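Let's walk through this model together, looking at a few aromatic rings and then at a metal site. Keep the structure open beside you as you read.

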Amino acid sequence: TWSTRPQRLLKAVQKKATRGDPQSVISAIDNFCRHKEWAMNVGDEKGAILDCVVSEVNPSTALELGTYCGYSTVRIARLLPPETRLITLEFNPDYAVVARQVIAWAGLQDKVELVVGASGDLIPQMKQQFGVKEFDFVFLDHWKDRYLLDIKLLEECGLLRRGTVLLADNVICPGTPEYLEYVRTNPRYESRYFKSHLEYTKVEDGLEKSIFLG
Ligand SMILES: Cc1ncnc2c1ncn2[C@@H]1O[C@H](/C=C/CNC(=O)c2cc(-c3ccc(F)cc3)cc(O)c2O)[C@@H](O)[C@H]1O
Ligand SMILES: [Mg+2]
């Protein structure tokens, strides 16, 4: 039976990266995607911007929408201090199986709670089932037509606080026009665009950082 791209990416991590060394996992995935097979990880260039924002926020509780292979999960979790946690949501069970192994190879499984399911179903459960009071940081990198629905859901569920930072991938390519319009025009958000490139290419893309003002 044929392997999938996520499975081949995992093999590259297990072959090239050192167990317990998140940076080597990140580099192994970036090299695989740059030289072997492109994959939709946030990548090294946008990843450096993600790192800066995460370090600046220094979140106690963070949320990621769309785990995929766990690349950005590792990038975020490696920066989190002890006793903090990252909840990451992924509805494709096959991708979740790969992501769990990538996260474990990096030695970050204790900081990460990977939940298999759709964000629309799981976000309303965050307070009761997952004991979340509010999120300090949210990284959006799942289906692009879900970004707007999901931040409205996060607002409604009282999961955002004054100062919560939302960082959205792919606001140019593939693009998230309705989301951009919302966070840039809604007075409850202070938004800023970080120009960059689509992972592993020269195509323009960028991240939108939006602060919820409460
Ligand atoms: C509601 C819900 N709940 C839970 N998990 C959910 C979910 N919706 C999706 N997921 C999960 O998240 C990932 C999906 C990511 C979608 N990302 C992209 O489509 C994407 C595409 C490109 C791209 C750019 C130019 C091209 F020519 C081709 C592709 C680049 C990117 O960076 C992307 O992120 C994937 O793991 C999916 O299962
Ligand atoms: Mg993306």
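F91 has a relative accessible area of 47% and is therefore partly exposed, a class that lies between buried (under 20% relative accessible area) and exposed (over 50%), taken with a 1.4 Å probe on protein chains only. The model is predicted, so local features need pLDDT of at least 70 and side-chain atom pairs count only at pLDDT 80 or more, while totals for chains, interfaces and linings use all residues. Side-chain values use heavy atoms, leaving out hydrogens and water, residues are numbered from 1 along each chain as its sequence is written, and chains are lettered from A and ligands numbered from 1 in the order in which they are written.

Rings of Phe, Tyr and Trp (its six-membered ring) pair if their centres lie within 6.5 Å, and planes under 30 degrees apart are stacked, over 60 edge-to-face and the rest tilted. That rule gives 5 aromatic pairs. F91 and W143 make an edge-to-face pair, because their planes stand at 70° with ring centres 6.2 Å apart. W143, at 48% relative accessibility, is partly exposed.

Now turn to Y147 and Y179, whose ring centres are 5.5 Å apart with planes at 90°, so this pair is edge-to-face. Y147 is buried, at 0% relative accessible area, and Y179 is buried at 1%.

Which residues coordinate the magnesium ion (ligand 2)? They are D141 (OD), D169 (OD) and N170 (OD1), at 2.0 to 2.2 Å. Donors here are N, O and S atoms within 2.8 Å of the metal (3.2 Å for Na, K and Ca); water is not among the atoms, so sites may look incomplete. D169 and N170 are both buried.
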